[in-house]
Amino acid sequence: MEVGWWGVLIAVLGGAIRIGTPFLFVSLGECLTEKSGRINLGLEGTLVMGAMTGYAVSLHSGSPWLGVLCAGLAGMVLGALHSWICSFQRVNDIAVGIAMMLFGTGLAFFLGKPYIQPSAPRLPSIDLGAWSDIPQLQAALQINALFLVGIVVAVVLGWMLKNTAWGLKVRVVGESADAARALGLPVDRIRILSTAQGGFLAGIGGSYLSLYYPFNWSEGLSSGQGLMAVALVIFARWQPIGCLWVSLLWGGAAALGPSLQSVGVTGGYYIFNAIPYIMTLAMMIITCSPKRTLVGVPRELTVTR
Amino acid sequence: MTDGAPPDLQALGITKRFGPLVALKDVNFHLRSGQFHALLGENGAGKSTLVKCIMGYYHPDEGKIVLDQQAVTIHSPRDAQTFGIGMVYQQFTLIPNMTVLENLVISKAKLDPVINWQQEEHQLTQFMDTMPFKVSLSTRVSSLAAGEKQKVEILKQLALRNRILILDEPTSVLTPQEADEVLGHLRAMTLAKQVSVLIITHKLREVAAFADEVTVLRKGQFVGSGNVSGLNVSQMAEMMVGSEVTAKPKQRTVLSKKVPKLVLQDIRVKDDIGVEVVRGLHLTIHEGEIVGVAGVSGNGQRELVEILSGQRQTTSGTIHVQDQPFQPTREQIMRHKIFCLPEEPLQNTCVGRMTVAENLAFRNFDREPHAVGGWLISRPALRRSAFGLIERYNIKPPYPDTPIQSLSGGNIQRAVLARELSAEVEILIIANPCFGLDFLAMEEIRLQIVAARNRGTAVLLVSEDLDEILELSDRTVVMFNGQLVYETTSSGADLAIIGRHMTGHTT
């Protein structure tokens, strides 16, 4: 039984990586978008669309990596569409985001009907646990390459926002559109590019769902990761590296229920499964205060103005 | 800084129309190399339009811009920069969440794809050493005082190697000390022929102290120009307004007994990021008294006003109004008749898209005669009251059905003052009431405030304009670092002592 309780911890760690990876990509995408001063609630739709596209391309081409790329491109198109619509006068990005969310999921379900049954090639995983002879540890350390890619993206994105001309421009646009215009920066173009790139990352997050874990394509594939990304980014204080830690935390929380079940704790199963959502709610309440504003909020965000 | 004198700038016969409105008509203007030139005029006189024509925001319908005897066409503000012309705007264009260094780097015309922060910092430090004033590069802009921000704005233009600086009311957000410091440095730079300065301002005192020459515009037309040394302040004011005006001494009635109306005890308040900015403030205001709170902005004045208007909560301390504890609820505000004119009234106490009539009725829309039976709003009654206030307070344009955000700053200020003074007022809280107003509007509003005092209202006046405080208030207190550190009667107040307390230099 001693190994069993260790097993919970190991399973939670493994789950943090396995379940947290799509959170990581979506929240990085949302982080970049919000840094440019827009909120994209449509990332939920982007995620589902990415999942469908990735699965379909992988099935037809036989290459899951091509699927990942196409999922990203599909996300990019949706992101660009969102920010293009938002660049018109008097268009509210929240409302457009909700419309895009419904549009993305609807389109994915419509186009994805034929792909519910067939089985597509799966993304390979890397065995980092081969040195160990504990099966639980081996299972937990089966890591998808996309997770490693995600870490690199988080680090590079953080570095770019701080140290490149492009990153500085994105931040200026997100902090003050007026100041950006006074500097002669093309505000709408920078936002469209940032949102499109954010959509690309979210699309990849979607392909991870359908091509690795849980590895299928169905209408119930996403459980709101795209929406929770908005909360995650707040928790991460708009820092890409923060997105990495927060995603792992959320992944771990989501893995708690199944892990406990594996050692025979079945009571309160649904409660445990709801932990990520409860955490999201609790976090929103804790971080919202009438007496203080958040540190690091891009000032152009409509919800904070 | 490139060598040689700054270019000579002339605007000849500039005419600019917006539809049927002629904003500028055949205006001439000459900024000589190394000159400190002031552009004077009332609100709407066309100063900003003229400057925007020079900067390339607008393209004049007639006339031309001449730089060093050569006619040039300036297409955009970016374009103006290639001619060495830079502008410092009335509102700050700095990015608050970024450091001074980041702000200066981002304003460069060409950014390296990967920014070498060390090298940038090194270069800007060297540049800063050649400047008369310095600002720490690693500081976040949001934590700078207004005067420091204005310095960064100017440094930004100088770092871009601009030789002609245009400043649009640069001192409107500064204290007199800060203003004198910034203008003094600019003056020194013009004397050294490093830059030419064109400054738009209402403040005649500053013109008299720092400028070489003035050009005066009135209603879009050139009225005159001349050397400052040959003009006195009232002559300049006359050119601006068209008739002799001076600040009239306000009639004051003296009340026999002092009844305390508003008592603040040990008030503590935190700001938006949780820092305590009001730390144990005690203040009593009596019937028929104006108490002026002087201080450099950012010493807790904004938060002090916000707790009295109900926009912020105290962490500790008590507020008593006429010996009763006060909570700024709608019910208690009405009962104690405590009203408020905060700074930036459009953002702070108006709903911009609602009409003037609706905004004027915010305090009493739910009472007779505006609300029949207390629940059904009567639009005719709202409009009738609005017409009355519009006439009494001279709000322009006189239409109750226009959205209030389409009014000019002075008229919004008048409208809010009309609303807050429309009923009987026991206590009036006012913050920077004359910010950005022209001479006549300022006089009107100040007269209204003193009139309210003479009727027995207790007035708390928070202002960054020390002259205004000394002119209006009976007592002046100085706020520094969240506390009141000095108190004096306004008659016979010593400016130097007040200034020292404002900056915390008390020995």
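These legends walk you through close-up views of a predicted model. In this model, local features need pLDDT of at least 70 and side-chain atom pairs count only at pLDDT 80 or more, while totals for chains, interfaces and linings use all residues. Residues are numbered from 1 along each chain as its sequence is written, and chains are lettered from A in the order in which they are written.

**View 1. Helices H11 and H13 of chain A cross at roughly 140°.** Here H11(A) (residues 240–262) and H13(A) (residues 275–287) have axes that come within 8 Å. Helices are DSSP runs (H or I, at least four residues), numbered from the N terminus; axes are lines fitted to C-alpha atoms over the stretch in contact, with angles from 0 to 180 degrees between N-to-C directions. The pair is therefore oblique (angles under 35 degrees count as roughly parallel, over 145 as roughly antiparallel, 65 to 115 as roughly perpendicular and the rest as oblique). Trp250(A), Ala253(A), Ala254(A) and Leu256(A) of H11(A) meet Ile275(A), Pro276(A) and Met279(A) of H13(A), where contact puts C-beta atoms, placed from the backbone, within 7 Å.

**View 2. Chain A meets chain B.** Look for 17 residues of chain A in contact with 19 of chain B. On the chain A side, H7(A) (165–175) and H8(A) (177–182) each supply at least two residues, and H7(A) gives the most, with four.

**View 3. Ile166(B) and its surroundings.** Leaving aside neighbours within four places in sequence, Ile166(B) is in contact with Val51(B), Ile54(B), Met55(B), Ile85(B), Met87(B) and Leu198(B).

Methods:
Contact = placed C-beta atoms within 7 Å.
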